[in-house]
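Trainee: I have a new structure open and would like to learn how to read it. Could you walk me through it, one feature at a time?

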Amino acid sequence: MAQCWFRIRAAAVVAFFVLTTVSLAQDAPPRPRFPAPIGSPSVQPDRSIVFRVRAPEATSVRFVCGDLALPREGVELTKGDEGIWELKLEPVNPGSYRYHFSINGVEVNDPANPTVSESNATSWSLVDVPGSEWMDTRDVPHGAIAEVTYFSKSLQKFRRMHVYTPPGYESDREQEYPVFFLLHGASDSDNSWSTVGRAGIIIDNLIAAGQAKPMLVVMPTGHTARFAWGRSGLPVDEFTQDFENDIVPYVDSHYRVKKDQAHRAIAGLSMGGAQTINVAVRALDHYAYIGVFSSGVFGITGGGPSGSQGPPWEETHKAALDDPELKKGLKLIWFATGKDDFLIQTSQATVETLKNHGFDVTYRETEGGHTWVNWREYLHEFAPMLFQE
């Protein structure tokens, strides 16, 4: 009898607590499991951009972007309700822009933006601003960009490159294509040309408009080790070994590409431009088209970074530079540099040196500086000149 009475009392207590909990839950306001999402970045119809980040405990939040005309230290955001900081940029030109936030001095990507672009040692948030017919993603046939891992026997380690194949490559198993090797700069990685550089979209649009030939675009990793500013020299020779002995043979054996000089092109920006010259001058009979963006022979003016501590570049390569037979298959040597670029004298001196050795060089000076704003333009201008009859 006592045991039965105990069970009844226990059941009553449990029922009381259940009813009380339900009542309290009904009376209390619902607590969201996650905070409400915020839209960032938000590109407006007039191409202004609103950036937002939730950082309620922060005392300072700055927006940093190297390709916009902003202070180097960035622009301060304004703190609003619920700890959400906000900045509205005035309308910007169409293009892709890397950015990050500096929150109390700590650099972080935009937590609300999953789109990123890799550089040589980190990644950046990426915002695309539409409004350019040749750079926007349009309703045209699109190629594919593959992230390719290969083993470099020259460097004895695994390496990565990105490879663009044009529309129709997968469906036509017989056709062979020309190949364009496109190199990045010292601040970047093999991912950069296809993200912030929009190389795949630019080539897609050119092919669709009949302005460029269908081609493969190979975008290799230019750094052979972790890079940091302030260290002396760039491992130009190490990259050249990897390029000649591993990258080119891998492309030739894994893709349907034409292997003659008339169907090979190489170009690069900044560090990649210096690597382009270094690769091409050693194999002038392998490339019909050479492009150098915002660059030249590093150290040719007597200052700046140099890839070698040996004899001057002109002296080292004099035999190749003066061989008329090696010039016969060259169809284009094209340089472009912004008037405000810190490497403009390097470009000018390199062009003058090549002309002194009998090369027919096309040289363009444009507005702007050492930024992706220019390099995308240069690619758009250079690619239509490739592989034309």
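**Reading strands, helices and sheets**

Mentor: Gladly! Look at strand β16 to begin: Tyr-289, Gly-291 and Phe-293 point one way, Ile-290 and Val-292 point the other way, and all of them are buried. Keep in mind that this is a predicted model.

Trainee: What does that burial say about how β16 sits in the structure?

Mentor: The idea is to count buried residues, where buried means under 20% relative accessible area. In β16, residues 289–293, five of the five are buried, so the strand is largely enclosed by the rest of the structure.

Trainee: Which strands pair with β16, and in what sense?

Mentor: To read pairing, look for the bridges between two strands and for the sense in which they run. Strand β15, residues 264–269, pairs with β16 in the parallel sense over five bridges. One of the residue pairs to look for is Ala-267 with its bridge partner Gly-291 in β16. Strand β17, residues 332–338, is also paired with β16 in the parallel sense, over five bridges. Here Gly-291 has Trp-334 of β17 as its bridge partner.

Trainee: How does the chain get from β15 to β16?

Mentor: For this, follow the path between the two strands and note its handedness. β15 and β16 pair in the parallel sense. Between them the chain passes through helix α4, residues 271–282, in a right-handed β-α-β crossover.

Trainee: What can I read from α4 itself, and is it open or enclosed?

Mentor: α4 has 12 residues and reaches 17 Å from its first C-alpha to its last, close to the 16 Å expected at 1.5 Å a residue. As for burial, 11 of the 12 residues are buried, so α4 is largely enclosed by the rest of the structure. Among the buried ones are Met-271, Gln-275, Asn-278 and Val-281.

Trainee: How many residues of helix α2 are buried, and what do they pack against?

Mentor: Count the residues, then trace their contacts. α2, residues 199–208, is mostly covered, with nine of its 10 residues buried. Those buried residues pack against β11 (144–152), β12 (157–165), β13 (179–183), β14 (216–220) and α9 (372–382). After α2 comes Gly-210, whose phi is positive, near 75°.

Trainee: Which strands make up the sheet of four?

Mentor: That open sheet has the order β1-β2-β6-β5, with antiparallel pairing. β1 (42–43) and β5 (78–79) are its edge strands, each pairing on one side only. Strands β2 (residues 49–54) and β6 (residues 84–89) are joined in the antiparallel sense by six bridges, and Val-53 has Trp-85 of β6 as its bridge partner.

Trainee: Can we finish with single residues? Is Ala-265 buried or exposed?

Mentor: For one residue, check its place, its accessibility and its contacts. Ala-265 lies in strand β15 and is buried, with a relative accessible area of 0%. Leaving aside neighbours within four places in sequence, its contacts include Val-179, Phe-181, Tyr-289 and Leu-386. For a second case, Thr-195 is in the loop between β13 and α2, and at 15% relative accessibility it counts as buried. Not counting residues up to four places away in sequence, Thr-195 touches Ser-96, Val-116, Ser-117 and Leu-126.

Notes: Residues numbered from 1 in each chain as written. Predicted model: local features only at pLDDT ≥ 70, side-chain atom pairs only at ≥ 80, totals over all residues. Heavy atoms only, no water. Buried < 20%, exposed > 50% of the residue type's maximum accessible area, 1.4 Å probe, protein only. Pairing = 2+ DSSP bridges. Right-handed = clockwise from strand over helix to strand, strands pointing away. Contact = heavy atoms within 4.5 Å. Expected span 1.5 Å × (residues − 1).
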